[in-house]
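Hello,

Here is the structure I promised to pass on to you. Please open it alongside this message, and then read on for what turned up in it.

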Amino acid sequence: MMAVVSSEASHDALSDLEALYRDHGTELVRLAALALGDRRAAEDVVQDVFTRLHRGGLRLDDASRVPAYLRSAVLNGCRSRQRRTGAGDRARLRLARERPAGADVEGSAIDASVRAEVMAAIRALPARQRDCILLRYYLDLSEAEIAATLRIGVGTVKSSTARARRSLAPVLEGVR
Amino acid sequence: MRDEELLRRILHEEADTVQPPGSFDDVVRRRRGGRRFAPVAAAAAAAALLAGVAVLLASADDRSQVASGPEATADLDGAPTTSAAPPAHDELGDGVWPFTTGAEADRFAATGSDSPYSDPTETARAFLESYLGMADPDLSPVAPGDGRSAEVVARPAGGGPETTVLLRQLGSSEVWTVVGATTDSIRLTSPQPHDPITSPVVVRGSSCCTFEGNVVVQVREDGREELADHLGQLAVIGGATGDHAAFHAEVPFAAPSRRGGAIVAFSTSPLDGSVDRATVVRVRFGDGGEAGDAPAPGSGAPLDDGSIVAVVRRPGEEVGVHALVVVDARDGTTDRELAVVDASEGGILDVALSADRRSVLYVRSTAACTSELRAVSVADGTDSVLAAPALTTPSRLAVDPRSGRLAVATDDDCDGQGELVVVSPSGTELGRWPDGTETDGEALVAGIRSLAWVDEQTLALGMQYEDGVATILHDVGSARPVGGGPQIDPAEDAAAYDLPVTTDADGTFAAVLRCCDVGAPPTAIVRIDRAGAELDRPVPTAPGAVVALDWVGSTPFWVTDAGILRRVLDGEVADLASDVVDVAG
């Protein structure tokens, strides 16, 4: 016999989901936008994540794991999208041939063109390195939290972050 | 300022430029391509998602209320529905989009949801944009019919051929449903509305006035909202001038999951590749409508040696379309078009010629984490899915020209890793290996980004690791690496062998040498022996980054990151075509 969600449960479900989205939607879209450089694509990724979460029959018994799951899924979605479009390869190829230009820092805000240049360098990193940078310096997660999010070892987080920072150093040097 | 502080500041300032998204409904309802309205299926998906996420997050006790089986969900008001369940045979309705039956329309109307479907013109517009992918059509005022039917005439933005959208109010509600569409320049005589069809369906008709006489015939099933989301399609040639010319095609199609669907015959605009006219006929899937067997690759005349196949990007809605075309290898002129694929989900991911050069195999991305392997006949354009169970979610492929063996890299969860699958020409699985490796207990993430046969037992693989690339040789018998180039970290090496990797007519594998330092020599195409040593550089200087590479005999053809198809001609690099994304020789 086919079972359905009762009306009462559905209202609860609606409230739960709205709360979930209210709590994490902005962070997730911004995280994806940082990774992709495209807000529209970022919203697509987040939408796909929620849809797959439903269709895939995810089981999360511990609500505290939800943020890590969502972040992981969004970053995977970004990686997938870049792979599909070849954006990562193109960005990497460009970066291999273009050296960062100098940069100016005015007042409290970093010049938009300089910021764009640094963001391009971050997006050109290998996906895991990029993810480590975003989780560490945008979401301020600890190495252990990053490891749990990306399902890798703490040692890998350390090495990936170090490699990423080494790659970014010339660009950041130009900002100072 | 320390690097860490600088990174935090830049990331937070960048993030602050991204405005917070709207409500969850807004996000779910927003359609790719900026379409104005969410089709009912999207609303149902949103409702299902709303219920599903929360239910899945509930306790185990709560979960016991939800049984497995057809999609158990709730509508936006919480009323229970089973929207995703296929309608029973006797419920097959007249509607094509967005509702198929009166009951379905009535259920939607009962939710009181704000929608465009209360207006026939806006329903037609949503149909044209969402279902047909027509870009911003111009619509005439509605022509009322018998009170519960209407017609809306549409033209492409800026003018063009007319398509008349036929609408009806099904059931007792006031919402409108498209029941068909017709254009005078594409006439279908078979099948007729509500005819039962099985694979391959025989489609007869005539057409005139389309660009180069091209008409695409699709089999669609209910619930599939996008132009690219069809069960099968075939390009046919009708009249290009003002006189109708008859066409006839047998269109194989994959097994439907719904009882009803439509035959969609359309042409595209030469200006932007978007649909410019269409005829849509409601059909039902008859008994025996099994998955269409792929046409036996091997029928018809083979591709001649003077031709190659290219994937060309053409403008259209959002990212446009990918066209699979036959190109004259000498001068780059397009000989004919074999397939057109919407590129919004990635389009054509890889392409290869069959061993007998009678078919072109290609991987088409159909949605996130979903792709299919298709074969299109060089001779007649017959195009269908290669439905081998071993080949789910393909991403890259290579055909051994000697044995006909097919190697496919798959990725079923979009994480860049997957499996390497080798099948015989008859579809028998010969081997399957994960494409990642383990080191120190942690996965060394790797994905196969290109592959080519060196001999009947050996594959050359271009592996993308987190920290660089590697060109390795893989023995399909022992499943062990047997050689290849060194693994390279582009961040540390001044020069690196890069992807793609491929093999020439002798099976010698080749890769691309690129350089990472300013002032370094430009890209070169090099051949490498099995020990990883460089043999020679058939193309010592290849302007622009190389993103695709293949060979005709000993002549390399490659695509640059700027989309230029190049070859060496009389010792000089020659440009053959632009807007190219992939090539197969």
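What share of the contacts in chain A with a separation of 6 or more is made by residues 24 or more positions apart? For chain A the value is 69%. Before going further, please keep in mind that this is a predicted model.

**The two chains**

Chain A has 176 residues, and buried residues make up 54% of them. Its secondary structure consists of 8 helices and 2 strands, and along the sequence these follow the pattern α-α-α-α-β-β-α-α-α-α. Chain B has 585 residues, of which 55% are buried. In chain B you will find 6 helices and 41 strands. Of the contacts in chain B with a separation of 6 or more, 49% come from residues 24 or more positions apart.

**The cores**

The largest nonpolar core holds 54 residues. Two or more residues each come from α1 (7-36), α2 (39-55), α3 (66-85), α5 (112-123), α6, α7 and α8 (154-175) of chain A, together with α1 (3-16) of chain B. The element that gives the most to this core is α1(A), with 10 residues. As general background, nonpolar side chains in soluble globular proteins tend to be buried together.

**Where α8(A) meets α1(B)**

The helices α8(A) and α1(B) pack at an angle of about 80 degrees, and their axes are 10 Å apart. That angle makes α8(A) roughly perpendicular to α1(B). On the chain A side, the contact involves R165(A), L168(A), A169(A), L172(A) and V175(A). Their counterparts in α1(B) are D3(B), E4(B), L6(B), L7(B) and I10(B). Sorted by class, this contact has 7 nonpolar and 3 charged residues, with no polar ones.

**Where α6(A) meets α7(A)**

Within chain A, helix α6 (residues 127-137) packs against helix α7 (residues 143-150) at an angle of about 135 degrees, with the axes 10 Å apart. The two helices are therefore oblique to each other, and α6(A) passes α7(A) in a right-handed crossing. From α6(A), the residues in contact are D131(A), C132(A), L135(A) and R136(A), while α7(A) brings I146(A), T149(A) and L150(A). This contact counts 4 nonpolar, 1 polar and 2 charged residues.

**The loop between them**

L139(A) sits in the loop between α6 and α7 of chain A. Is L139(A) buried or exposed? Its relative accessibility is 16%, so L139(A) counts as buried. Apart from its neighbours within four places in sequence, L139(A) is in contact with E27(A), L31(A), R71(A) and L134(A). For one of these, E27(A), the C-alpha atom is separated from that of L139(A) by 8.6 Å, although the two residues are 112 apart along the chain.

Best wishes

Methods:
Residues are numbered from 1 along each chain as its sequence is written. Chains are lettered from A and ligands numbered from 1 in the order in which they are written. This is a predicted model: local features need pLDDT of at least 70, side-chain atom pairs count only at pLDDT 80 or more; totals for chains, interfaces and linings use all residues. Side-chain values use heavy atoms; hydrogens and water are left out. Axes are lines fitted to C-alpha atoms, for helices over the stretch in contact, and angles run from 0 to 180 degrees between N-to-C directions. Helices (H or I, at least four residues) and strands (E, at least two) are DSSP runs, numbered from the N terminus. Angles under 35 degrees count as roughly parallel, over 145 as roughly antiparallel, 65 to 115 as roughly perpendicular and the rest as oblique. A crossing is left-handed if the near helix is turned anticlockwise from the far one by less than a right angle, and right-handed if clockwise. Contact means heavy atoms within 4.5 Å. Ala, Val, Leu, Ile, Met, Phe, Trp, Tyr, Cys and Pro count as nonpolar, Asp, Glu, Lys and Arg as charged, and the others, Gly among them, as polar. A nonpolar core is a set of buried Ala, Val, Leu, Ile, Met, Phe, Trp, Tyr and Cys residues joined through side-chain atoms within 4.5 Å. Buried means under 20% relative accessible area, exposed over 50%, partly exposed in between (1.4 Å probe, protein chains only).
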